[in-house]
Amino acid sequence: MVTIDNSVPIEITIDDLRLQSPRKDKLAQIFRELEFKSLVDKFSEHAELSKKDYRLILKLEELRSLIKTIRKKGMVCLDTETTSKDYLMAELVGISFCVEPGIAYYLPLGHIYNGVNPQIDIGDALGLLKDILCDDRVEKIGQNIKYDAEVLARYGIHLKGMTFDTMVASYVIDPTLRQHNLDYLAQHYLSYKMLSYEEVTGHNKDKGLGAVDMDKAKEYSCEDAEITLLLKSILEEKLKTTDNYTLFQDLEMRLIPVIMDMEMTGIRIDVDFFKAMSEAFADELSSIEGRIIDLAGEEFNINSPQQLGYILFEKLKLPWKKKTRKKTGYSTDVEVLTELAVQHEVPNLLLRFRTISKLKSTYLDALVNMVNPLTGRIHTSYNQTVTATGRLSSSNPNLQNIPIRTEEGREIRKGFIADEGHLLLSADYSQIELRVFAHYSEDPVLLQAFESGEDIHTRTGAEVFDLDPRMVTPEMRRMAKMINFGIIYGMGPIKLAKELGIPKKVAQAYLDNYYERYKGVKDLKEEILSRVRQNGYVTTLLKRRRYLPNINSDNGNLRAEAERAAINTPIQGTAADLIKMAMINIAERLRRENLSTKMLLQVHDELVFEVPQEELNSATRLIKDEMEGVYPLNIPLKVDINWGNNWGEAH
DNA sequence: AGACTCACG
DNA sequence: ACGTACGTGAGTCTC
């Protein structure tokens with residue numbers, strides 16, 4: 001039942017709406033959320049927010065007194081206001097502080113408008129604040145505190161004692177919550193609607209908070225700090241009830257400064273190399289384009305899937321294989337084009353065009369534009385609160401999807417270079433997900449294969465095709481590799497048949513063979529599924545949770561999706577737990593042993609370092625030991641290390 | 001803003 | 001009848 005306003009309740013059952021299954025499930029979910037929300041609205045209390053004793057700090061004396069209060073409390077919730085969301089460009093506009101609900105302080109530092117009150121000089125203010133900000137005995141609480149710490153670091157303030165990030169806490173409690181931003185969390189956990197940025201800045205939106213009257217900015221900023229503090233106590237309790245406090249405190253919070261250093265260090269690229277490669281690609285693209293348009297007999301935009309569909313399937317009358325996902329047109333993806341390439345030259349040229357065009361625009365041109373003028377390096381952002389499984393993600397630019405699978409793509413990695421006197425070192429976990437899988441399954445054949453250092457795909461080939469490992473051909477190994485990954489992802493016989501180009505029945509036989517030989521795998525899958533059906537969530541090695549509300553859905557498709565995610569998440573998520581732990585330990589040891597080696601990148605199962613040449617031996621040993629020994633499992637973890645002058649050579 | 005395509009683990 | 005393997009981010013086109 002859904003009630004709108006306080007008027008007559010309208011009773012609608014979902015079945016009245018005659019919707020298709022997937023939509024029906026989605027709607028059911030929205031209905032559940034609405035009902036839940038109205039309950040929260042009814043019962044939640046937020047009396048403390050009505051006090052709103054927010055004070056401006058304009059005099060040195062006031063700041064000194066605030067600092068005393070903070071030191072006495074040993075804790076402060078803070079929020080910086082800046083001119084940009086990008087920490088590399090952001091300039092400080094002000095900082096708000098809150099040590100107890102109801103009272104907060106706003107320290108304006110960069111407000112510029114006609115008739116502005118005199119503010120404390122930013123150098124003087126930071127000089128005084130350093131005492132508490134750089135002291136880890138004073139706990140710092142914040143929402144996405146990595147950002148504040150990065151901005152402050154650019155002002156020479158190295159924030160210490162970051163113990164509670166509400167965004168990260170929310171993510172640990174439920175990684176698939178819609179959003180983890182402050183507005184959403186305030187609404188979700190406190191039923192409180194925050195002042196919006198637009199409301200505060202009004203028509204000055206583009207000029208930023210610095211152009212806003214500081215009394216108004218105070219209301220906005222202090223509210224952020226206060227709400228964050230209120231959220232902290234709620235989230236702290238939740239972390240304990242979900243048995244996730246250790247994961248939060250000892251892993252995710254300790255990872256923040258590590259990630260921060262990686263982002264701020266950045267990685268050097270060879271701009272001239274990228275520019276030259278881009279020009280070569282531009283030439284090739286225009287030549288391919290000319291030939292395609294010649295063969296098509298008319299001008300059209302090759303980058304438009306719509307126009308391309310018309311040319312291929314209506315003008316040239318090539319047989320179309322499938323429609324696009326939303327059925328808005330013909331699919332022209334790589335799978336379709338590869339099939340068509342045997343009977344016509346245009347699809348063949350298109351494949352080449354697509355590859356080159358992708359590499360040029362997404363990597364070569366984009367990366368050159370993202371070199372920071374001050375550092376001369378590329379600085380990515382690692383997001384710690386995005387993925388459903390516990391992995392990091394990388395953006396602006398994404399450095400976790402730099403090409404490697406094709407020859408031209410691999411070339412791009414040569415443009416990521418080490419600084420003078422340094423080498424790039426790459427350390428990657430070998431087969432980490434399969435090893436984690438072996439660990440959980442305790443399957444004797446899998447355990448033995450990893451214990452003895454056998455090639456795991458060859459071993460699987462030997463099992464599935466019932467041969468001596470020495471008789472497994474490269475083709476068989478390729479198929480076995482596909483099966484191994486397919487198992488982790490929950491692939492069915494239809495997809496396997498398609499991928500391997502074999503009849504469905506044969507694919508089914510391979511899978512049957514697999515489960516027959518690896519008994520532990522079948523048991524593990526069943527155990528995971530029975531647990532998730534009961535609990536509604538799956539967990540990783542470090543107790544990270546992922547809820548799967550569709551696991552008992554009436555809709556078969558949604559249920560199957562949830563089941564595959566349930567199988568995959570403990571594997572992918574445990575691998576993520578392990579590498580995060582290793583990152584913390586490596587950073588700690590590099591510092592303790594006074595090495596200048598810098599961790600630069602994380603690519604899910606790989607870490608990239610910039611190593612002074614003379615540290616190569618000690619760094620290699622340290623990194624390998626920490627990664628392989630991060631957490632004893634039922635199988636050994638193996639790390640491959642390579643180095644060179646660039647990322648291409650380090651692979 | 002959504003759709004399509006494609007880069008990675 | 002149709003789709004059918006997990007997890008991401010970005011460039012481009014289209015509306």
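## The surface near DNA strand C

Helix 22 (556–592) is the top contributor to the surface near DNA strand C, giving five residues. Helices here are DSSP runs of H or I with at least four residues, strands are runs of E with at least two, and both are numbered from the N terminus. This is a predicted model, where local features need pLDDT of at least 70 and side-chain atom pairs count only at pLDDT 80 or more, while totals for chains, interfaces and linings use all residues. Residues are numbered from 1 along each chain, and side-chain values use heavy atoms, without hydrogens and water.

In total, 33 residues surround the DNA strand, with S304, S393, Y489, K495 and N557 the closest; "near" means a heavy atom within 4 Å. Of the DNA strand C atoms within 4 Å of the protein, 70% are sugar or phosphate and the rest belong to bases.

## Phosphate contacts

## Around T82

Over in strand 2 (residues 75–82) you'll find T82. T82 counts as buried because its relative accessible area is 16%, and the cut-off is under 20% with a 1.4 Å probe, protein chains only.

The T82 side chain makes a polar contact of 2.6 Å with the side chain of Y147. Such a contact is a pair of N or O atoms within 3.5 Å; within protein, one must be able to donate a hydrogen and the other to accept it, and residues adjacent in sequence count only if both atoms are side-chain atoms.

Terms used: Chains are lettered from A and ligands numbered from 1 in the order in which they are written. Buried means under 20% relative accessible area, exposed over 50%, partly exposed in between (1.4 Å probe, protein chains only).
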